[in-house]
Amino acid sequence: AALLGIGAGLAVVGVAAVDMASRYDESQARLSASLKASGSSYAAHKTQIDAATASATKYGFTNNQVQDALSTGVIATQNYTKASANMGVAMDLATARHIPLAAAMLVVDRAVTGNLRGLKSLGIDLPVVTSSALKLSQAHSAVALAQNNLNTVMQKFPDAANAASKGHAAYQAAADKVWVTQ
């Protein structure tokens, strides 16, 4: 009876090992297909993939999870280097929010392109900088307008900078506007 129990236990371990190998092959095939679709190959990045996998397994992720996440990243970015760069943030996000690594990679890839909905659904709210961008654009426009005004005065009074003439006051006023705007 004891031998029968040991035999059944070994059979379960054997089935689990075959299943794990099958999942590894599937994740590697998905990553290979993703890389091929992006114009690259698994062989070209094998060393980097192995290093990323080794690094991620130190933090509790499996080879399959890493390869699936890289595959997701390569599909989203069409670039292994960008996907690999996003992996660290995806690992942190997956760990902090208890979500699958591939799902975290998708959220990170989308956030990098400006789609913050995934982060918001995980309770992460990033500030929107459109008001700052608008202010920068307005300041840039004001500087360009002041520079155009200065150029107009310089064409009208080419000696305004060196001579004490009637145009010098106009030149000085336009120049002051440029300095104030900057």
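Gln-172 is partly exposed, its relative accessible area being 36%; the class covers values between buried (under 20%) and exposed (over 50%), computed with a 1.4 Å probe on protein chains only. The residue Gln-172 belongs to helix 8 (residues 166-181), where helices (H or I, at least four residues) and strands (E, at least two) are DSSP runs numbered from the N terminus. Between the C-alpha atoms of Gln-172 and Leu-150, which are 22 residues apart along the chain, the separation is 9.0 Å. The model is predicted: local features need pLDDT of at least 70 and side-chain atom pairs count only at pLDDT 80 or more, whereas totals for chains, interfaces and linings use all residues. Residues are numbered from 1 along each chain as its sequence is written, and side-chain values use heavy atoms, with hydrogens and water left out.

The chain comprises eight helices and zero strands, giving the element order α-α-α-α-α-α-α-α from the N terminus on. Of its 182 residues, 25% are buried. Among contacts (heavy atoms within 4.5 Å) with a separation of 6 or more, 50% involve residues 24 or more positions apart.

Helix 1 (residues 2-37) contains Asp-25, which is partly exposed at a relative accessible area of 47%. Asp-25 and Asn-64 are 39 residues apart along the chain, and 8.6 Å separates their C-alpha atoms.

Helix 3 (63-77) packs with both helix 2 and helix 4. Axes are lines fitted to C-alpha atoms, for helices over the stretch in contact, and angles run from 0 to 180 degrees between N-to-C directions. The axes of helix 2 (residues 42-57) and helix 3 come within 9 Å and cross at roughly 130°; this pair is therefore oblique, the class left once angles under 35 degrees (roughly parallel), over 145 (roughly antiparallel) and 65 to 115 (roughly perpendicular) are set aside. The crossing of helix 2 and helix 3 is right-handed, that is, the near helix is turned clockwise from the far one by less than a right angle.

Helix 3 passes helix 4 in a right-handed crossing.

Not counting residues up to four places away in sequence, Ser-71 touches Arg-30, Leu-31 and Ser-34.

The twelve residues of helix 5 (residues 101-112) should span 16 Å at 1.5 Å a residue, and the end C-alpha atoms are 16 Å apart, which agrees; the expected span is 1.5 Å times one less than the number of residues. Buried positions in helix 5 are Leu-101, Ala-104, Met-105, Val-107, Val-108, Asp-109 and Ala-111. Their cover includes helix 3, helix 4 (80-97) and helix 6 (117-121). Gly-114, with a positive phi near 105°, follows helix 5.
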